[in-house]
Amino acid sequence: MNYIPASLTIAGTDPSGGAGIQADLKTFQELQSYGMSVITSVVAQNTTGVQDVQHMPTPMIKQQLESVISDIPFQAFKTGMLANIDIMQAVAEKISPLDIPYIMDPVMVAASGDRLIAEDAQIYLRENLLPLTTVTTPNIPEAEVITDRTIDTLEDMQQAAKQIVHEYGAGAALVKGGHMQGEAVDFLYDGNKTHTLSAERIDTNNTHGTGCTYSAAIAAYMSHGYPLPEALQKAKEYVTAAISHSFPIGNGSGPTNHWALRKELVK
Ligand SMILES: Nc1ncnc2c1ncn2[C@@H]1O[C@H](COP(=O)(O)OP(=O)(O)OP(=O)(O)O)[C@@H](O)[C@H]1O
Ligand SMILES: Cc1ncc(COP(=O)(O)O)c(N)n1
């Protein structure tokens with residue numbers, strides 16, 4: 001039997017299919033990594049915003065993790081929405097022994113502006129989860145919370161990435177520039193070197209779930225064995241294609257197109 005790369009996402013849900021677990025599984029599938037998911041919170045949301053949230057009890061989160069870890073090997077995993085300290089603690093306990101790439105999307109606020117994690121959990125995340133990561137992928141508002149600084153320029157983004165690695169112990173930091181003007185530039189600091197990933201800015205409002213999709217793509221490529229800078233470069237190409245072929249469904253900020261890189265389309 002051929003070797004099958006597998007990836008796990010530990011995150012919240014999006015019944016409208018653009019962000020969270022649903023975006024992650026679509027991304028894993030497109031990038032040919034067997035996709036698995038542990039649900040931390042059920043979120044009633046759509047392209048216009050978040051209507052309601054219910055968090056999973058922590059014993060159930062731990063049991064889901066145990067069910068996957070005890071049965072199926074996987075080569076990379078990501079975390080998305082971890083809503084409070086109890087959930088973070090439960091996840092940290094189960095993932096600490098794993099010796100495979102860990103991609104953390106430090107989800108704090110949805111693109112719609114709705115808060116997705118408790119305020120005290122932001123500090124807990126920085127102190128207890130960042131040191132476990134292979135790479136963390138904050139957008140600018142998240143990087144500002146983590147570093148306690150304002151980020152106005154490309155230089156500030158690069159400084160923030162270095163601070164997240166050297167001061168808070170992340171394995172590497174990718175600070176994403178989706179919220180800046182001009183080109184869509186992200187900076188990866190890997191502990192030694194800063195890598196620049198840039199793409200032309202696409203004029204669209206359909207960016208619901210870009211952060212989820214990007215971090216899931218990094219996990220999928222790493223599950224195939226790509227080292228970090230290459231996995232990131234390929235993930236950036238994937239998310240850029242997904243944004244550029246995104247569609248205007250729903251009444252708000254539409255989702256990205258997870259099958260944008262497919263060569264053959266079903267008619
Ligand atoms: N309009 C755009 N055109 C091209 N690339 C974009 C655009 N918006 C975001 N990106 C890219 O998409 C990726 C996700 O970045 P972003 O900073 O938007 O993350 P996020 O805030 O976590 O996602 P979201 O906007 O869904 O909350 C980055 O590579 C960013 O450069
Ligand atoms: C469950 C969940 N996780 C993360 C996000 C952030 O996604 P985005 O900021 O890309 O809308 C979201 N909306 N929902």
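In the predicted model, the shell of residues around ligand 1 divides into 10 polar, seven nonpolar and four charged residues, where Ala, Val, Leu, Ile, Met, Phe, Trp, Tyr, Cys and Pro count as nonpolar, Asp, Glu, Lys and Arg as charged, and the others, Gly among them, as polar. This shell comprises 21 residues, of which Asn139, Lys176, Gly178, Ala184 and Gly211 are the closest to ligand 1; a residue is taken as near the ligand if its C-beta atom, placed from the backbone, lies within 6 Å of it. At least two residues of the shell are supplied by each of β8 (184-189), α7 (210-223) and α8 (228-244), and α8 gives the most, with four residues. Helices (H or I, at least four residues) and strands (E, at least two) are DSSP runs numbered from the N terminus.

The model is a prediction in which local features need pLDDT of at least 70 and side-chain atom pairs count only at pLDDT 80 or more, whereas totals for chains, interfaces and linings use all residues. Residues are numbered from 1 along each chain as its sequence is written, while chains are lettered from A and ligands numbered from 1 in the order in which they are written.

Most residues other than glycine have a negative phi. Gln32, in the loop between α1 (20-30) and β2 (34-46), has a positive phi of about 60° although it is not a glycine. Gln32 is exposed, with 12 other C-beta atoms within 10 Å; a residue is called exposed if 12 or fewer other C-beta atoms, placed from the backbone, lie within 10 Å of its own, buried if 20 or more do, and partly exposed in between. Asp148, in the loop between α5 (140-147) and α6 (154-166), likewise has a positive phi of about 60° without being a glycine, and Asp148 counts as exposed, with 9 C-beta neighbours inside 10 Å.
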